[in-house]
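Student: I would like to learn how to read helix packing, ring pairs and charges over rings in a model. Could we take them one at a time?

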Amino acid sequence: MDVAAARRTALAAQGFGRRKPAANNRRSILDVLTRTQVLQLDSVSAVVRAHYAPVFSRIGVYDRALLDAAAWSNGARRPRRLVEYWAHEAALLPVEDWPLMRWRMRRYEHGRWSGMRKVVERNPTLGKDILEVITEFGPLTAGEVERHLELDKPRPKGTWWNLSDTKMICEQLFAAGALSVDKRVGFTRHYDLVERVIPPEVLAREVDEADAVRQLTLNAATALGVATETDLRDYYRLHRSQTEPAIAELVDAGELEPVQVEGWDKTAYLRAGATTPRRIEGAALLCPFDPLIFFRPRTERIFDFHYRIEIYTPEPKRVHGYYVFPFLLGGELVGRVDLRAERATGRLQVPGAFAEPGFGTPRTAAALRDALREMADWLELDEVVVGAKGDLAPLL
């Protein structure tokens with residue numbers, strides 16, 4: 001398989017190159033999840049929260065409240081379809097996949113990292129108190145738990161419990177599967193007992209680690225189309241010792257086929273049933289945490305596109321900007337666009353627009369102009385204001 005075919009296979013698996021649905025409804029949004037499997041969560045809101053953007057990239061303008069309802073509303077008529085957990089970092093995933101993470105929850109019983117474990121050790125009863133408060137009062141933020149426990153009042157010097165410790169223990173209980181996220185308000189988690197968030201039939205399902213890892217590896221292969229072991233491992237942050245036997249079993253079962261991709265130094269695995277279109281049409285702006293590109297080594301291997309987020313780079317040292325969206329056109333990454341949504345002024349700011357070699361053309365600029373206008377409309381912004389940085393800026 002040549003790299004161009006691998007690229008088209010990967011794009012098709014992620015839902016690109018398809019005709020956008022005429023009606024952007026709940027079903028269209030959930031269809032994106034059947035392809036990406038996860039939507040990464042991130043607190044940066046320079047343009048729009050990270051989990052909203054991949055859906056827009058694939059189906060165009062849609063009502064973000066529909067995604068909110070799928071993730072953070074639960075009723076008899078419209079049951080919760082997505083749930084938060086540590087998949088590829090913090091992420092939304094289909095609620096039926098929650099049992100596939102039980103092995104990780106057991107590993108996180110005392111926290112995800114050593115600093116969290118130390119907080120648990122110095123607050124041996126705080127977890128129990130948090131669970132009792134949430135049991136009694138329902139979904140709460142860490143700050144609300146703090147107030148119910150009266151930990152927000154002035155305390156004698158040397159008191160162990162403080163706001164950060166309460167938040168840390170809430171996060172430990174979330175990682176361990178005792179709490180889940182009922183909803184978010186202003187991106188703040190409202191924790192609730194897991195049995196009040198996860199449907200009973202899903203909560204009751206037990207999956208041992210080997211079976212869970214094999215299914216997660218298959219999910220990753222479904223989302224990626226064609227992928228190396230490293231790619232498959234990264235998608236759910238698995239370990240090589242887990243994915244290698246899972247891949248071997250999936251190959252034996254005919255779910256994966258080993259293939260050689262031109263220029264790749266590792267064996268790739270083609271998902272059974274994956275399609276390789278003759279061409280990929282259309283344009284899309286990809287947020288930095290889009291599942292198509294969130295594993296940077298794969299992005300470089302497939303698209304010959306070296307990409308690093310520059311949020312934490314001092315401004316004078318930034319090459320392309322603070323929050324840069326790669327621009328996908330005709331199945332290739334052809335540019336980079338630094339974006340800001342200024343909601344107070346109704347402007348989508350474009351401080352910089354940069355073409356990849358060979359793509360600084362009027363065609364690229366015209367397609368990008370349309371993509372920016374569509375994004376502005378989706379975000380209910382009136383103007384697109386283009387700055388001076390980058391070789392695409394004058395063409396825009």
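Tutor: Let us begin with the packing angle, which runs from 0 to 180 degrees between the N-to-C directions of two axes, each axis being a line fitted to C-alpha atoms. Please keep in mind that this is a predicted model.

Student: At what angle do helix 1 and helix 11 pack, and how far apart are their axes?

Tutor: Helix 1, residues 3-13, meets helix 11, residues 209-224, at about 110°, and their axes are 6 Å apart. Angles of 65 to 115 degrees count as roughly perpendicular, so helix 1 is roughly perpendicular to helix 11. On the side of helix 1 the contact is made by Thr-9, Ala-10 and Ala-13, and on the side of helix 11 by Thr-222, Ala-223 and Leu-224. Sorted by class, this contact of helix 1 with helix 11 has four nonpolar and two polar residues, with no charged ones.

Student: How are helix 1 and helix 14 oriented to each other?

Tutor: Helix 14 covers residues 296-303, and its angle with helix 1 is about 130°, with the axes 9 Å apart; the two helices are therefore oblique to each other. Val-3, Arg-7, Ala-10 and Leu-11 of helix 1 make this contact with Arg-298, Arg-301, Ile-302 and Phe-303 of helix 14. By class, the contact of helix 1 with helix 14 has five nonpolar and three charged residues, and no polar ones.

Student: Turning to the rings, how many aromatic pairs does the structure hold?

Tutor: Two rings pair if their centres lie within 6.5 Å, and the structure holds seven such aromatic pairs. One of them joins Tyr-323 and Phe-325, with 5.7 Å centre to centre and 70° between the planes, an edge-to-face arrangement. Elsewhere, ring pairs link Phe-56, Tyr-62 and Trp-378 into a cluster.

Student: Is Tyr-323 buried or exposed?

Tutor: Buried means under 20% relative accessible area; Tyr-323 is buried, at 0%, and Phe-325 is buried, with a value of 0%.

Student: Which charged end sits over the ring of Phe-187?

Tutor: The charged end of Arg-184 does, 4.2 Å from the centre of that ring.

Student: Where is Arg-308 placed?

Tutor: Arg-308 is in the loop between helix 14 and strand 10, residues 324-329, and counts as partly exposed at 45% relative accessibility. Leaving aside residues up to four places away in sequence, Arg-308 touches Arg-296 and Glu-300. Arg-308 and Val-324 are 16 residues apart in sequence, yet 9.0 Å apart in space, C-alpha to C-alpha.

Terms used
Residues are numbered from 1 along each chain as its sequence is written. This is a predicted model: local features need pLDDT of at least 70, side-chain atom pairs count only at pLDDT 80 or more; totals for chains, interfaces and linings use all residues. Side-chain values use heavy atoms; hydrogens and water are left out. Helices (H or I, at least four residues) and strands (E, at least two) are DSSP runs, numbered from the N terminus. Angles under 35 degrees count as roughly parallel, over 145 as roughly antiparallel, 65 to 115 as roughly perpendicular and the rest as oblique. Contact means heavy atoms within 4.5 Å. Ala, Val, Leu, Ile, Met, Phe, Trp, Tyr, Cys and Pro count as nonpolar, Asp, Glu, Lys and Arg as charged, and the others, Gly among them, as polar. Rings of Phe, Tyr and Trp (its six-membered ring) pair if their centres lie within 6.5 Å; planes under 30 degrees apart count as stacked, over 60 as edge-to-face and the rest as tilted. Buried means under 20% relative accessible area, exposed over 50%, partly exposed in between (1.4 Å probe, protein chains only). A charge sits over a ring if NZ of Lys or CZ of Arg is within 6 Å of the ring centre and within 35 degrees of the ring normal.
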